[in-house]
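Hi there,

Here is the structure we talked about, with the sequence alongside.

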Amino acid sequence: MKTLQILFYISMAAWFLSEFLYKNMLKSGKEDKKDKDKSTLNILWLAIPFSIAAAVTVSNLSTLPITDKSWIFYAGEAFILIGIIFRFIIIRSLGKYFTVDVTIKQDHKIKKEGFYKYLRHPSYAFSLLTSLGLGLYLNNWLSLAFAFIPPFLAFAYRIRIEEQALVEQFGEEYLEYRKTTKKLIPFIY
């Protein structure tokens with residue numbers, strides 16, 4: 001269990017560091033249409049750190065365990081790692097089209113292969129999986145709610161803004177793509 005705890009601290013540091021680097025390195029360029037963000041990046045940067053701090057604080061102040069079995073720690077850590085790794089893979093697959101702010105590049109195209117064949121926002125889905133993993137690892141119902149709900153609401157707002165920009169840019173092509181994919185959970189939502 002001590003090894004799992006060390007892995008948890010390392011994965012949390014990796015999560016923070018990766019998101020910090022994305023935020024500072026993957027911003028839109030001067031020639032991009034970047035008036036579309038409507039503060040979604042700021043909202044995410046408020047919601048996610050708040051949710052992490054609140055989830056950890058609540059887990060230290062209350063005892064509302066999800067289960068008394070140790071599998072929950074392993075499941076939580078697995079979700080954290082899967083979320084971090086697959087979010088990185090997805091960001092890499094988008095290449096120059098990935099920006100942390102809602103932006104339309106000049107030669108922007110709708111990606112429809114890989115994870116994008118099933119989900120319109122797989123990067124957000126895996127970020128939320130990481131948040132879910134944190135809540136599970138903390139093994140506290142209130143922590144789970146704090147870890148997941150604020151980021152989910154922030155991403156839901158961002159998805160609405162982002163999809164508006166994509167419909168404006170691509171029109172019918174994006175509307176057709178939306179009919180064949182889900183937002184965050186394959187085959188469900």
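Below is what I found, going from the whole chain down to single residues.

First, some ground rules. This is a predicted model, in which local features need pLDDT of at least 70 and side-chain atom pairs count only at pLDDT 80 or more, while totals for chains, interfaces and linings use all residues. Residues are numbered from 1 along each chain as its sequence is written, and side-chain values use heavy atoms, with hydrogens and water left out.

**The chain as a whole**

The chain has six helices and zero strands, in the order α-α-α-α-α-α. Helices (H or I, at least four residues) and strands (E, at least two) are DSSP runs, numbered from the N terminus. The C-alpha atoms fill a box of roughly 50 × 35 × 25 Å along the principal axes. For 189 residues, a compact globule would have a radius of gyration near 16 Å, and the chain agrees with that at 17 Å. That radius is taken over C-alpha atoms, and the globule rule is 2.2 Å times the number of residues to the power 0.38.

Of the 189 residues, 45% are buried. Buried means under 20% relative accessible area, exposed means over 50%, and partly exposed is in between (1.4 Å probe, protein chains only). Among contacts with a separation of 6 or more, 84% are between residues 24 or more positions apart; a contact means heavy atoms within 4.5 Å.

**Salt bridges**

In general, side chains of opposite charge can pair when their charged atoms come close. Here I count a salt bridge when a side-chain nitrogen of Lys or Arg is within 4 Å of a carboxyl oxygen of Asp or Glu, and by this rule there are nine.

One of them joins lysine 112 and glutamate 173, at 3.2 Å from N to O. This pair links distant parts of the chain, 61 residues apart: lysine 112 is in the loop between α3 and α4, and glutamate 173 is in helix α6 (residues 172–180). Lysine 112 is partly exposed at 36% relative accessible area, and glutamate 173 is also partly exposed, at 38%.

Which residue does glutamate 163 pair with at 2.6 Å? The partner is arginine 120. Glutamate 163 lies in helix α5 (residues 141–170) and arginine 120 in the loop between α3 and α4, so this bridge ties together parts 43 residues apart in sequence. Both residues are buried.

Glutamate 163 also forms a salt bridge with arginine 178, with the closest N and O atoms 3.4 Å apart. Arginine 178 is in helix α6, so this pair ties α6 to α5 across 15 residues of sequence. Arginine 178 is partly exposed at 32%, whereas glutamate 163 is buried at 6%. Through shared partners, Arg120, Glu163 and Arg178 form one network.

**Lysine 109**

Lysine 109 is in the loop between α3 and α4 (122–138) and is exposed, at 56%. Beyond its neighbours within four places in sequence, lysine 109 contacts Tyr97 and Phe170. Its C-alpha atom is 9.7 Å from that of glutamine 169, which is 60 residues away along the chain.

**Isoleucine 89**

Isoleucine 89 lies in helix α3 (residues 71–94) and counts as partly exposed, at 39% relative accessibility.

Happy to go through any of this with you.

Best wishes
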